[in-house]
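Please examine the sequence and the structure before continuing.

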Amino acid sequence: MLRLDTTFNICLEDGKKKEKIIYDSEKMVVIGEMIGNIAHQWRQPLTVISAGATGILMQKEYNILDDEKLEKACNSINENAQYLSETIDTFRNFIKEEKVLKEVVIQDRINKALGIVETTLKSKLITLENNINYDVPIKATIVLGELEQVIINIINNAKDILVEKETENGTVTINLEEKDNKAIVTIQDNAGGIPEDIIDKIFDLYFTTKGDDSGTGLGLHMSKKIMIESIKGDLYVENTNDGAKFFLEIPLN
Ligand SMILES: Nc1ncnc2c1ncn2[C@@H]1O[C@H](COP(=O)(O)OP(=O)(O)OP(=O)(O)O)[C@@H](O)[C@H]1O
Ligand SMILES: [Mg+2]
């Protein structure tokens with residue numbers, strides 16, 4: 001009897017150990033994913049911060065730095081640094097079992113995302129056509145920060161393709177409408193669209209056409225995961241006559 005019990009105990013201990021190993025390795029995967037996502041979202045703001053500081057130094061050296069330029073550059077550095085810190089909170093929240101939900105105004109969230117990509121778009125001479133109606137606030141209950149990450153990823157992709165194709169009058173158009181108790185944000189570019197042979201793969205993990213140095217293939221995969229698993233909405237794409245058009249569906253309260 002005693003021996004049996006001991007064996008049983010050993011089995012139990014073994015089982016627990018195995019469970020712990022599985023739990024630990026799952027945790028490692030999640031942590032790895034979180035670090036990957038943060039690194040992905042940090043690349044652009046870090047570039048903006050470093051370019052902003054370099055710009056100030058250069059202008060000072062050539063004696064062309066006035067108060068207005070200094071203030072603008074410092075504000076941009078601050079805004080982007082703030083975003084770096086928020087990104088960590090967003091992904092921490094993303095992997096939590098108990099999500100912290102907040103009622104937000106979708107227009108405000110879009111503006112926040114546009115604030116981050118604005119400088120980069122301007123530097124590439126890309127026009128941002130913002131057709132959003134700010135009069136009637138559209139409210140949803142979501143995790144703070146996630147929708148912004150998705151919008152930033154999609155606009156960055158539009159920027160990349162507009163630059164790659166050297167599109168004349170490169171434009172990113174953003175719209176927002178309310179339909180069937182859903183908010184639908186659309187983000188469209190005029191870079192010619194996504195080739196039919198890859199359109200079904202662009203949301204796959206690590207799918208990229210940009211080469212190792214400039215693309216990881218994480219952006220759209222992560223965006224779709226956020227839209228479906230966390231926001232409980234949807235993300236899909238269609239080609240129009242001008243280019244790619246991404247649809248972000250967000251369920252409303
Ligand atoms: N607006 C677009 N027009 C044309 N092709 C696009 C557009 N957006 C995405 N793609 C295609 O989808 C692929 C996957 O995009 P995704 O954002 O997931 O990765 P990436 O931009 O290549 O790399 P990463 O975002 O990780 O740096 C891109 O490499 C590109 O081929
Ligand atoms: Mg991308």
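Q: In what order do the elements of the protein run from the N terminus on?

A: Helices (H or I, at least four residues) and strands (E, at least two) are DSSP runs, numbered from the N terminus. Here the order is α-α-β-α-β-β-α-β-β-α-α-β-β, which comprises six helices and seven strands. This is a predicted model, in which local features need pLDDT of at least 70 and side-chain atom pairs pLDDT 80 or more, while totals for chains, interfaces and linings use all residues. Residues are numbered from 1 along each chain as its sequence is written, chains are lettered from A and ligands numbered from 1 in the order in which they are written, and side-chain values use heavy atoms, without hydrogens and water.

Q: How do strands β6 and β7 pair?

A: Two strands pair if DSSP finds at least two bridges between them. Strand β6 (residues 234-239) and β7 are antiparallel, with six bridges. One bridge links E238 to K245 of β7, and a hairpin of four residues joins β6 to β7.

Q: How many residues surround ligand 1, and which are the closest?

A: A residue is counted if one of its heavy atoms lies within 4 Å of the molecule. Ligand 1 has 22 such residues around it, the closest being D189, T208, T209, K210 and T216. By class, the shell holds nine nonpolar, ten polar and three charged residues. In this scheme Ala, Val, Leu, Ile, Met, Phe, Trp, Tyr, Cys and Pro are nonpolar, Asp, Glu, Lys and Arg are charged, and the others, Gly among them, are polar.

Q: Which side chains have an N or O atom at 2.6 Å or 2.5 Å from an oxygen atom of ligand 1?

A: A polar contact is a pair of N or O atoms within 3.5 Å. For T208 the side-chain distance to a ligand oxygen is 2.6 Å, and for K210 it is 2.5 Å. L218 instead uses a backbone N or O atom, 2.9 Å from an oxygen atom of ligand 1.

Q: What percentage of the area of ligand 1 does the protein bury?

A: Accessible areas come from the Shrake-Rupley method with a 1.4 Å probe. Ligand 1 taken alone exposes 600 Å², and the protein buries 96% of that. The elements giving two or more residues to the shell are α1 (2-61), α4 (146-164), α6 (219-230) and β7 (244-251).

Methods
A polar contact is a pair of N or O atoms within 3.5 Å; within protein, one must be able to donate a hydrogen and the other to accept it, and residues adjacent in sequence count only if both atoms are side-chain atoms.
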